Amino acid sequence: NSVFEYGGYYGIRLYDSDSVISNNIFRFNTDKSESRAGGIFMDVESSPTIESNVFQNNRTGIFSEYSTPIIKNNSFTNNEYPIVSGAGIGVISGNSGSENINNGILIGSEFNYKSATTTLNVNSLPYILSSNAQIKSGTGLVIEMGTVFKGYWDTSKFARGGLYTNGGNIIVEGENFDDVIFTSIFDDSV
């Protein structure tokens, strides 16, 4: 039940942490000189539970790198990105967002940096693939029915968004071709 605002780089930075962060407001943490600036930044084996918070007007709501957080039932409004995951996913479910510049969960270069299987849960926010996100050998990715992926293409950086396996496994739940949707970041129909 706290407010974390005008923190410059971060409202909270977690390092090797398993904290529980709930029922707070994170706003105006926007330093443009730091690409990971935002409400919460976590790295190096962090596995916090981040639940029922409000993220408003930050550069990034939550930035996770080499961590496996549980991020659920949070609200994201007017951020550049609601959630950015550099490596490792954890559990992301039940989150909502509106009026964000990029209204989705940005996935970086790899889903699993450990030997594990990750399940992507359905959210009202789509998963945005800004580069080729890989599933490495010894790891797996389970995609729940109803999940939406949006690929990003940036001609100035030659970046493209997609999934590829590098010895890992992908399991897509569903029976029909549209149970899991892969489309463009420019497709507003889903």
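1. Burial. A residue is buried under 20% relative accessible area, exposed over 50%, and partly exposed in between (1.4 Å probe, protein chains only). By that rule, 45% of the 190 residues in the chain are buried.

2. Basis. This is a predicted model: local features need pLDDT of at least 70, side-chain atom pairs count only at pLDDT 80 or more, and totals for chains, interfaces and linings use all residues. Side-chain values use heavy atoms, with hydrogens and water left out, and residues are numbered from 1 along each chain as its sequence is written.

3. Fold content. The chain has zero helices and 24 strands. Both are DSSP runs numbered from the N terminus: helices are H or I with at least four residues, strands are E with at least two.

4. Overall dimensions. The radius of gyration, taken over C-alpha atoms, is set against a globule rule of 2.2 Å times the number of residues to the power 0.38. For 190 residues a compact globule would come near 16 Å; the chain has 16 Å, so the two agree. The C-alpha trace spans about 45 × 35 × 30 Å along its principal axes.

5. Contacts. Contact means heavy atoms within 4.5 Å. Of the contacts in the chain with a separation of 6 or more, 48% are between residues 24 or more positions apart.

6. Surface and charge. The chain carries 11 positive and 20 negative charges, with mean positions 7 Å apart. Lys and Arg count as positive, Asp and Glu as negative; His and the chain ends are not counted. Each charge is placed at NZ of Lys, CZ of Arg, CG of Asp or CD of Glu.

7. Aromatic pairs. Rings of Phe, Tyr and Trp (its six-membered ring) pair if their centres lie within 6.5 Å; planes under 30 degrees apart are stacked, over 60 edge-to-face, the rest tilted. The count is nine aromatic pairs. Tyr 10 and Phe 41 are stacked, at 5.1 Å centre to centre and 15° between the planes. Tyr 10 lies in strand β2 (residues 10–15) and Phe 41 in strand β5 (residues 38–43), so this pair ties together parts 31 residues apart in sequence. Tyr 10 and Phe 41 are both buried.

8. Phe 63 is in strand β8 (residues 60–65), 22 residues from Phe 41 in strand β5; the pair links distant parts of the chain. Phe 63 is buried, as is Phe 41. Elsewhere, ring pairs join Phe 4, Phe 26, Phe 55 and Phe 76 into a cluster.

9. Gly 38. This residue is in strand β5. Gly 38 is buried, at 1% relative accessible area. The C-alpha atoms of Gly 38 and Asn 58 are separated by 5.1 Å, at 20 residues apart along the chain.

10. Positive phi. Asp 16 is not a glycine, yet has a positive phi of about 50°. Asp 16 sits in the loop between β2 and β3 (20–22) and is exposed, at 52% relative accessibility. Asn 23, also not a glycine, has a positive phi of about 60°. Asn 23 sits in the loop between β3 and β4 (25–27) and is partly exposed, at 44%.
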